[in-house]
Amino acid sequence: MSKGIDIQFVRETYQRMTDKELIRIATQDAAGLTPEAQEVVKEEIERRKLDTNIIKGVQAQNKSYTVEEIDEYCNLARNLSCPICETNSAMLNATRTSEVMSFILFTQYKRQLKVACPACLDKANNNALIKTIILGWWGIPWGFIRTIQAIGHNIKDKKTNHNNTPNDYLRSFVLSKIGQFETYRDNKEMLQQIISTE
Ligand SMILES: [Zn+2]
């Protein structure tokens, strides 16, 4: 297949999408697009007269960052309200919760990044610990093994909940949503939704 046909196919695919689908793909799933495909997305966004910040979001998913640059995006997140207790009393950060639940035939191990204020992050790790201790241990053998692992992870991961600077979990979270952070960097309401989705 020649490159021309290929690009035409990509163009038609984007043209068939609803605005909502196009915005979602452009802000969340554009990592790894070739420069030609990025150009097609850009044309389509301009053709539909959508917010041109979405184009910056596409570019943001296709570049590399220094820690300082990531931390600038982290600071946008840190100044929002806590998605759990809905207060502004402390700068936000993130943690990873590890939860194990055993069922009769299998054991489920769920790990999740969460953005919140330090007090709510502690609570999230503690809740995951309690749930794991009650519901995880009895599956043989994985329930038991995973329970020990999850206890260790929650204890380790909560250590940076009270850091005064962005921690690595917040950096991972922001990087995983960098297209949305760039597109909506001046839109507090949208950023608030983005950190509340996990
Ligand atoms: Zn909170």
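Setting aside neighbours within four places in sequence, Gly 136 is in contact with Val 100, Met 101, Ser 102, Gly 143, Arg 146, Thr 147 and Ala 150. Contact here means that the C-beta atoms of two residues, placed from the backbone, lie within 7 Å. This is a predicted model: local features need pLDDT of at least 70, side-chain atom pairs count only at pLDDT 80 or more, and totals for chains, interfaces and linings use all residues. Residues are numbered from 1 along each chain as its sequence is written.

**Overall layout**

- The chain holds 10 helices and two strands. Helices (H or I, at least four residues) and strands (E, at least two) are DSSP runs, numbered from the N terminus.
- Read from the N terminus, the order of elements is α-α-α-α-α-β-β-α-α-α-α-α.
- Along the principal axes, the C-alpha atoms fill a box of roughly 60 × 45 × 30 Å.
- Of the 198 residues in the chain, 34% are buried. A residue is buried if 20 or more other C-beta atoms lie within 10 Å of its own, exposed if 12 or fewer, and partly exposed in between; the C-beta atoms are placed from the backbone.
- Take the contacts between residues at least 6 apart in sequence: 74% of them join residues at least 24 apart.

**Two domains**

- The domain assignment gives domain 1 (3-60) and domain 2 (69-196). Such bounds come from an automatic or database domain assignment.
- The C-alpha centres of domain 1 and domain 2 are 31 Å apart.
- Where the domains meet, nine residues of domain 1 are in contact with five residues of domain 2.
- On the domain 1 side that touches domain 2, helix H2 (19-28) and helix H4 (53-60) each supply at least two residues. H4 gives the most, with six residues.
- This side of domain 1 divides into four nonpolar, four polar and one charged residue. Ala, Val, Leu, Ile, Met, Phe, Trp, Tyr, Cys and Pro count as nonpolar, Asp, Glu, Lys and Arg as charged, and the others, Gly among them, as polar.

**The strand pair**

- Strand E1 (residues 93-102) and strand E2 (residues 107-116) pair in the antiparallel sense over 10 bridges. Strands pair if DSSP finds at least two bridges between them.
- A hairpin of four residues joins E1 to E2.
- E1 is mostly covered, with nine of its 10 residues buried.

**Nonpolar cores**

- The largest nonpolar core has 25 residues, and Ala 77, Val 115, Ala 116, Leu 170 and Val 174 touch the most other members. Such a core is a set of buried Ala, Val, Leu, Ile, Met, Phe, Trp, Tyr and Cys residues joined through C-beta atoms within 7 Å.
- Two or more residues of this core come from each of helix H5 (67-78), E2, helix H6 (118-135), helix H8 (168-176), helix H9 (178-183) and helix H10 (188-196).
- H6 gives the largest share, five residues.
- Apart from this core lies another, of seven residues, including Ala 26, Ile 54, Ile 55 and Val 58.

- H3 (residues 35-47) has 13 residues and reaches 18 Å from its first C-alpha to its last, close to the 18 Å expected. The expected span is 1.5 Å times one less than the number of residues.
- Just after H3, Lys 49 takes a positive phi of about 55 degrees.
- H6 has 18 residues and should span 26 Å, which agrees with the 26 Å between its end C-alpha atoms.
- Buried residues in H6 include Pro 118, Cys 120, Leu 121, Ala 124 and Leu 129. Their cover includes E1, E2 and helix H7 (142-157).

**Two loop residues**

- Gly 136 lies in the loop between H6 and H7. Gly 136 counts as buried because 28 C-beta neighbours fall inside 10 Å.
- Gly 136 and Lys 42 are 94 residues apart along the chain, and their C-alpha atoms are separated by 48 Å.
- Thr 87 is in the loop between H5 and E1. Thr 87 has 11 C-beta neighbours inside 10 Å, so Thr 87 counts as exposed.
- Beyond its neighbours within four places in sequence, Thr 87 is in contact with Ser 81, Cys 82 and Cys 117.
- From Thr 87 to Arg 185 is 98 residues in sequence and 21 Å in space, C-alpha to C-alpha.
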